[in-house]
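Please walk through this protein step by step. The sequence and the model come next, and the explanation follows them.

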Amino acid sequence: GREDEGRRDEGRGAKGEEATGRPSSIVISVEDTGIGIKEEDVPKLFGSFVRLDSPIRTTTLGTGLGLYLTKKIATEMLHGEVFVESTYGEGSRFGMRIPKRI
């Protein structure tokens, strides 16, 4: 599928802006037009050693630690958050929002 990586500063109103009025967080996201994720599987994604059952599981290697470690680094070390938006059969968007100043 098509991958589109973007990096942009994004404000979130009074809470998400510095005293100068500039956005105080950075959003990094990656979007694809792949197989997507079933709605009931989304809450499982960031668990350790989780590999969702899908048509590509048998041909795609992995340990199920990538998203778990990404969330851990983004939240615990960078004091940010991770997010996912997905439509089964159409694709997904994964991202993280981190403070501009850590």
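Is Glu81 buried, partly exposed or exposed? Glu81 counts as partly exposed, because its relative accessible area is 32%. Buried means under 20% relative accessible area, exposed means over 50%, and partly exposed lies in between (1.4 Å probe, protein chains only).

A word on the source. This is a predicted model, in which local features need pLDDT of at least 70 and side-chain atom pairs count only at pLDDT 80 or more, while totals for chains, interfaces and linings use all residues. Residues are numbered from 1 along each chain as its sequence is written, and side-chain values use heavy atoms, with hydrogens and water left out.

Start with the overall layout. The protein has one helix and four strands. Along the sequence they follow the pattern β-β-α-β-β. Helices (H or I, at least four residues) and strands (E, at least two) are DSSP runs, numbered from the N terminus. Of the 102 residues, 24% are buried. The accessible surface comes to about 7200 Å², and carbon and sulfur atoms hold 52% of that surface. Accessible areas come from the Shrake-Rupley method with a 1.4 Å probe; for residues, only the protein chains shown count as cover. Contact means heavy atoms within 4.5 Å. Among contacts with a separation of 6 or more, 51% join residues 24 or more positions apart.

Now turn to the charged pairs. Side chains of opposite charge can pair when their charged atoms come close. The structure holds four salt bridges. A salt bridge is a side-chain nitrogen of Lys or Arg within 4 Å of a carboxyl oxygen of Asp or Glu.

Glu81 takes part in one of them. Its partner is Arg97, at 2.9 Å from N to O. This pair links distant parts of the chain: Glu81 sits in strand β3 (residues 81–87) and Arg97 in strand β4 (residues 91–99), 16 residues apart. Arg97 counts as buried, because its relative accessibility is 15%.

Another salt bridge joins Glu85 and Arg93, with the closest N and O atoms 3.3 Å apart. Glu85 is partly exposed at 44%, whereas Arg93 is buried at 18%. Arg93 lies in strand β4. The Arg93 side chain also makes a polar contact with the side chain of Ser29, at 3.5 Å. A polar contact is a pair of N or O atoms within 3.5 Å; within protein, one must be able to donate a hydrogen and the other to accept it, and residues adjacent in sequence count only if both atoms are side-chain atoms.

Next comes the helix. Lys72 forms a salt bridge with Glu76, and their closest N and O atoms are 3.0 Å apart. Lys72 and Glu76 are four residues apart in helix α1, so about one helical turn separates them. Lys72 is partly exposed at 33%.

Ile73 is also found in helix α1 (residues 66–77). Ile73 counts as partly exposed, because its relative accessibility is 43%. Together with Leu69 and Met77, Ile73 forms a nonpolar surface patch of about 300 Å² accessible area. Patches are made of residues with over 30% relative accessible area and no salt bridge: like charges are joined within 9 Å, nonpolar side chains (Val, Leu, Ile, Met, Phe, Trp, Tyr) within 5 Å.

Finish at a loop. Gly36 lies between β2 (25–31) and α1. Gly36 is buried, because its relative accessibility is 13%. What does Gly36 contact, leaving aside neighbours within four places in sequence? The list is Ser86, Thr87, Tyr88, Gly89, Gly91 and Ser92. Gly36 and Ser92 are 56 residues apart in sequence, yet their C-alpha atoms are 5.3 Å apart in space.
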